[in-house]
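Please look over the sequence and the structure shown below before reading on. The paragraphs that follow lead through the parts of the chain one after another.

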Amino acid sequence: MIFGRREANMFSVDELKAGFKDTFGREPFLVRAPGRVNLIGEHTDYNDGFIMPAALEYETRAAVAPRADRILRVHSAKIGETREFDLDDPAPGPKRDWTDYVFGVAVALAGAGKKLKGADILVASSVPVGSGLSSSAALEVSIGYSLLTVAGLPIDTIELAKLCQKAENEFVGMRCGIMDQFISCNGQHDHALMIDCRSLEKRPVPIDPRARIVVANSMVHHELASGEYNKRRASCEEAVHLLSPGLGPIKALRDVTPAGLEANKALLSDVTYRRARHIVTEDERVIEAADALAAGDLARCGELMNQSHASMRDDYEISCEEVDVLVDIAQRQPGVFGSRMTGGGFGGSTVSLVEAGAAEAFMENVKAAYEKATGLKSTIFACSPQQGVGPLAG
Ligand code: ADP
Ligand code: MG
């Protein structure tokens, strides 16, 4: 195997093609699927609520060629491993490793009636793993798009997002909402997307040229992330169940207003109340933030991001010490409109909205102050939103 292991860097189109030829001996076609940053709206997706992510320059690239048989063979450059899967396996089950994100997608697509064909796939990704920027969805979506293309099937990016989410929910066992897969499938150049996770309607919101979106990786990832994630989801379901006698036929916390929650507070334990309060206030913040960003009110958008962080930290309890330090440092910099944790939580990255002219100094200062406070070297970059999944030119 000549195509070696590489973690952080993006493989060029030429390297990817050469690596595929070395590994599988044929000419591939290329696919790309981006990671994402969420500007605001955390854990609201699985509550049928609102989110506002954007697709990143960090992406998973797949080199792909069809096979004559029913074998799916995948090499991950990040892991440095090649694995095989038989599309005719009558009882495919998870292996509890990275391949679940790959073969889970094949199982979900086949389960939806897609007649798949065998393929060789080489994946290389610049999305850092476990950093809150969704390497898992970028991998799933790149695989799904590749498999549909090999099979000569039409691609509906909303359906693809749903099937990739199903793979992560049912095959991997992570009960994530639709956000990561949806934005990796449907991202729009230079825009964030305000998404209604009930109807899946999307509103593109242009990023004001006076502002930069700066992503900072805290470089910590706490192991409890996926277990706690599923627990938060269970708390939200419990809140809906307990609030129903007071509020009537509600389906999700999306159907609860802050006033409705306050009036029925007595139905909930303190913890469940605070979990619900994060969700119902966060939904309102997303709607207002989208309007503020669209209207050029960057200051208001930033305030809402700061409030969102406080709500994740205090009510939803999904932040951690290092991320709080990073957000705190960011919020004190000149030219910053707002800063918050982004992604599922318990580590990962932060997102800040920063005045364009102040962004360079912001990145340098935050990096230095974070290292001084924690000893950790944050990777910080200003991003410009990208298109969702598609063929990679070259
Ligand atoms: P993230 O926030 O990055 O999505 P997750 O825990 O949801 O974090 O997913 C990370 C997991 O996804 C990794 O542990 C690995 O199993 C899988 N993964 C992501 N990208 C790749 C890749 N390029 N090759 C192999 N596995 C990957
Ligand atoms: Mg993930």
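Domain 1 covers 2-206 + 387-391 and domain 2 covers 211-383, with bounds that come from an automatic or database domain assignment. The centres of domain 1 and domain 2, taken over C-alpha atoms, are separated by 25 Å. The area buried between domain 1 and domain 2 is about 3,400 Å², and carbon and sulfur atoms give 60% of this area; buried area here is the accessible area (1.4 Å probe) that two parts lose on being put together, summed over both.

Residues are numbered from 1 along each chain as its sequence is written, while chains are lettered from A and ligands numbered from 1 in the order in which they are written. Because the model is predicted, local features need pLDDT of at least 70 and side-chain atom pairs count only at pLDDT 80 or more, whereas totals for chains, interfaces and linings use all residues, and side-chain values use heavy atoms, with hydrogens and water left out.

A sheet comes next. Six strands form an open sheet with mixed pairing, in the order E5-E4-E6-E3-E1-E13; strands (E, at least two residues) and helices (H or I, at least four) are DSSP runs numbered from the N terminus, and two strands pair if DSSP finds at least two bridges between them. At the edges lie strand E5 (81-86) and strand E13 (390-391), each of which pairs on one side only. Strand E4 (residues 71-76) pairs with E5 in the antiparallel sense over six bridges, and Leu72 has Phe85 in E5 as its bridge partner. Helix H3 packs on this sheet, where it touches strand E1 (29-38), strand E3 (53-66), E4, strand E6 (119-125) and E13, and its direction makes about 150° with that of E1. Helix H5 (residues 179-186) lies across E1 and E3 and runs at about 130° to E1; these angles run from 0 to 180 degrees between N-to-C directions, with axes as lines fitted to C-alpha atoms, for helices over the stretch in contact.

The largest nonpolar core has 43 residues, and those with the most contacts inside it include Leu72, Ile121 and Leu147. Such a core is a set of buried Ala, Val, Leu, Ile, Met, Phe, Trp, Tyr and Cys residues joined through side-chain atoms within 4.5 Å, where buried means under 20% relative accessible area, exposed over 50%, and partly exposed in between (1.4 Å probe, protein chains only). Helix H3 (residues 135-150) gives the largest share of this core, seven residues. Apart from this core lies another, of 32 residues, among them Met52, Val127, Leu293 and Leu353.

Ser134 has its place in the loop between E6 and H3. With a relative accessible area of 8%, Ser134 is buried, and, leaving aside neighbours within four places in sequence, Ser134 is in contact with Gly35, Arg36, Val127 and Asp180.

Strand E9 (residues 211-221) is mostly covered, eight of its eleven residues being buried. Eight bridges join E9 to strand E11 (residues 347-355) in an antiparallel arrangement, and Ile213 stands opposite Leu353 in E11. E9 also pairs with strand E12 (residues 379-383) in the antiparallel sense over five bridges, where Ile213 has Cys383 as its bridge partner.

How values were computed. Contact = heavy atoms within 4.5 Å.
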